[in-house]
Amino acid sequence: LARMRFMPFEDTAVGLLAERCGIEPMSANDILINQFRTPLKEEHIRVKLSLPKIDKKKLTIPTMEQRIVQHRIYDEWDMNEHFKQVANPSLYKKLTSIKWYTPKHDEIYRWDD
């Protein structure tokens, strides 16, 4: 998995593969499927209006805790960071060289665009 190329619609690809293997589709609990990459209101508005992505510096630390799908992975780098977090959740923050900025809540950003 770590060496796979970035696939923006990987959930669709996995669904098609499962279908070809004769696996019956099922719907997961919505709580386990994270629709947005961040909790930021700005990102939600940009997605809804089909605007460009938020600034990469606004991403929150990758986590797959309490979820099975993370939609809107930012890019190949972000996908690899999620993989590293899943591979070793307890050490991820120590192993990553990124100084993560985690906003306390989405109201700290003013979005005037």
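Where is Leu 49 found? Leu 49 sits in the loop between α2 and β2 (69-70); more on that residue below. This is a predicted model, where local features need pLDDT of at least 70, side-chain atom pairs count only at pLDDT 80 or more, and totals for chains, interfaces and linings use all residues. Residues are numbered from 1 along each chain as its sequence is written, and side-chain values use heavy atoms, with hydrogens and water left out.

**Overall layout**

- The chain has four helices and two strands, taken as DSSP runs numbered from the N terminus (helices are H or I, at least four residues; strands are E, at least two).
- Reading from the N terminus, the elements go α-β-α-β-α-α.
- Of the 113 residues in the chain, 23% are buried (buried means under 20% relative accessible area, exposed over 50%, partly exposed in between, with a 1.4 Å probe and protein chains only).
- The chain's accessible surface is about 8,900 Å², and carbon and sulfur atoms own 58% of that (Shrake-Rupley method, 1.4 Å probe; for residues, only the protein chains shown count as cover).
- Among contacts with a separation of 6 or more, 52% come from residues 24 or more positions apart (a contact means heavy atoms within 4.5 Å).

**Helix α2 and what follows**

- Helix α2 covers residues 41-48, and Glu 42, Glu 43 and Arg 46 are buried there.
- Those buried residues fall within an arc of 95° seen down the axis of α2, so they line one face of the helix (the arc is that of the directions from the helix axis to the C-beta atoms).
- Arg 46 and Glu 42 meet through their side chains in a salt bridge, 3.1 Å from N to O (a salt bridge is a side-chain nitrogen of Lys or Arg within 4 Å of a carboxyl oxygen of Asp or Glu).
- Both partners lie in α2, four residues apart, about one turn of the helix.
- An α-helix has 3.6 residues a turn, so residues three or four places apart point the same way.
- After α2 comes Ser 50, with a positive phi near 55°.

- Arg 37 lies in the loop between β1 (33-34) and α2, and is buried at a relative accessible area of 5%.
- The side chain of Arg 37 reaches the backbone oxygen of Thr 60 at 2.8 Å.
- A polar contact of 2.8 Å also joins the side chains of Arg 37 and Asp 78 (a polar contact is a pair of N or O atoms within 3.5 Å; within protein, one must be able to donate a hydrogen and the other to accept it, and residues adjacent in sequence count only if both atoms are side-chain atoms).
- Asp 78 and Arg 37 form a salt bridge too, with the closest N and O atoms 2.8 Å apart.
- That pair links distant parts of the chain, 41 residues apart, with Asp 78 in helix α3 (residues 76-87).
- Asp 78 is buried as well.

**Other salt bridges**

- The structure holds five salt bridges.
- Lys 56 pairs with Asp 75, their closest N and O atoms being 2.7 Å apart.
- This pair also links distant parts of the chain: Lys 56 in the loop between α2 and β2, Asp 75 in the loop between β2 and α3, 19 residues apart.
- Lys 56 is partly exposed, with a relative accessible area of 32%.

**Surface patch**

- Ile 45, Leu 49 and Leu 51 make a nonpolar surface patch of about 240 Å² (patches are made of residues with over 30% relative accessible area and no salt bridge; like charges are joined within 9 Å, nonpolar side chains (Val, Leu, Ile, Met, Phe, Trp, Tyr) within 5 Å).
- Back to Leu 49: this residue counts as exposed, at 53% relative accessibility.
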